[in-house]
Amino acid sequence: MRELKLEWLLLGVLIDSIAMSSVWPLTTIYMNQELGHSLVAAGVVLFLNSVASILGSFVAGKLYDKYDSYYLILGGIVFTWISFFTLIFFNGWPTYPIFLVLIGFGTGWIVALNNSMGTSIKSKDGRYVFNMLYFVQNLGVMLGTAIVGILFKHSVAPLFTIATVMFTVFFVVAFFTYRIPKEDQSVQSVQQTQDIQSKMPKVNFTIIMSFFVSLVIMWIFYQQWNSTVSIYMLKLHIPLRLYSFLWTVNGLFILIVQGLLSSRGGRLLKDPYHQVYLGIAFFMASFGILAVAHQYYHFVIAMIVLTVGEAIAFPSIPAIVNSLSPYDQKGKYQGLASAFPSAGRAMGPLVGSMIIESTSFVFLYSLGLFTILVVLVVIALIIESTKRKATLYDNNQE
């Protein structure tokens, strides 16, 4: 049976990630300094962008299970290309926020399809596939944000021009390499004969939902690094340029940890669930460091610990979800695996600002420590008591 080559899928993910990452970091600055709108208005636009991304992920994941992913991904690329192309020439108010929300929908659509198509690659270990997808996506983020720093002065037109060109290349790559049969017909007919519409086992559903809820909570607190940490550092008289350097550290350590994991086939620990626990433990510890941080090097250490945690845990979760999802529902659950983190990203800045207004930065980060500890204990109890009863749908995950 022919299948989509991982190399081509990774190239598409890299191009998509570079293009998207050359656009989203400037939203707040551009709307506030160039278009003259408040930070609240920028926050609302980013929230709507995240909501649109959730919707795009959910819809694309559902459609993947019923229709040809080849046409779905080409449609998503064209839709997003039109939005980028329009913003080259019309990037004032209200065109900019409207099309940024449309790009959010396209982002969610494409990410969900990329992950869903990753589930179709049977020649590679599932954890290796999702680890490589995560690795390439973060490499794209590093390159894309670097482009912003080099090209953005006062006009966003050059950035949208680059994004448009890159999506043109993405379309060409997808057009010539993504047209692969979704399922072998004999396998599909056997599946239909055995069960016209397969049902998700209750144990599998419980494990998957525990992961999804955990992702929402972790991303709510992860977003504090994008929203409240910079303000806290300024209050401690640490310059903004040093805050920006933290994201260079983040990208660097993601590449280091992901490179290590990739060389080991995505496996740091034999049991993928234990690998997630370890990652969440690192993630949790970073907020403990953040809560007592007063010097710049404290923030650097906290960022390194956070990055190690996310690089270990986050790619493992969609791989496990893949192994627990029935063959005709993989797209649906990969779409949800993209949508739930987007929900956390959407709520994070709002939740953080509300907690800080009524308490303090230290309380917020301490709350992150204890909340993620509760998450870790709860999902470990749920999973360890049920995982042996779970039905696996992907032998590469065992």
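Author: Helices (H or I, at least four residues) and strands (E, at least two) are DSSP runs, numbered from the N terminus. Under that rule Phe-47 is placed in helix H3, residues 39-64. The model is a predicted one, in which local features need pLDDT of at least 70 and side-chain atom pairs count only at pLDDT 80 or more, while totals for chains, interfaces and linings use all residues. Residues are numbered from 1 along each chain as its sequence is written, and side-chain values use heavy atoms, with hydrogens and water left out.

Reader: Why is Phe-47 called partly exposed?

Author: Buried means under 20% relative accessible area, exposed over 50%, and partly exposed in between (1.4 Å probe, protein chains only). Phe-47 has a relative accessible area of 36%, so it is partly exposed.

Reader: What makes the nonpolar surface patch that includes Phe-47?

Author: Patches are made of residues with over 30% relative accessible area and no salt bridge; like charges are joined within 9 Å, and nonpolar side chains (Val, Leu, Ile, Met, Phe, Trp, Tyr) within 5 Å. A salt bridge is a side-chain nitrogen of Lys or Arg within 4 Å of a carboxyl oxygen of Asp or Glu. Here Val-40, Val-44, Phe-47, Leu-48 and Val-51 make a patch of about 410 Å². The area comes from the Shrake-Rupley method with a 1.4 Å probe; for residues, only the protein chains shown count as cover.

Reader: What makes Gly-61 buried, and which residues are in contact with it?

Author: Gly-61, also in helix H3, has 0% relative accessibility and therefore counts as buried. Contact means heavy atoms within 4.5 Å. Leaving aside neighbours within four places in sequence, Gly-61 is in contact with Ala-112, Gly-331, Lys-332 and Gly-335.

Reader: How many salt bridges are there, and how do you know that Lys-387 and Asp-271 form one?

Author: The count is two salt bridges. The side chains of Lys-387 and Asp-271 meet with N to O at 2.6 Å. Lys-387 lies in the segment after helix H17 (361-386) and Asp-271 in the loop between helix H12 (240-263) and helix H13 (272-291), so the pair ties together parts 116 residues apart in sequence. Lys-387 also forms a salt bridge with Glu-384, where the closest N and O atoms are 3.2 Å apart.

Reader: Are Lys-387 and Glu-384 buried or partly exposed?

Author: Lys-387 is buried, because its relative accessible area is 15%. Glu-384, at 29%, is partly exposed.

Reader: Why is helix H14 described as largely enclosed?

Author: Of the 18 residues of H14, 15 are buried, so the rest of the structure largely encloses this helix. H14 covers residues 296-313 and reaches 26 Å from its first C-alpha to its last, close to the 26 Å expected.

Reader: Why is Ser-286 called buried, and what is in contact with it?

Author: Ser-286, in helix H13, has a relative accessible area of 0% and is therefore buried. Leaving aside neighbours within four places in sequence, Ser-286 is in contact with Ala-302, Val-305 and Leu-306.

Definitions and conventions:
The expected span of a helix is 1.5 Å times one less than its number of residues.
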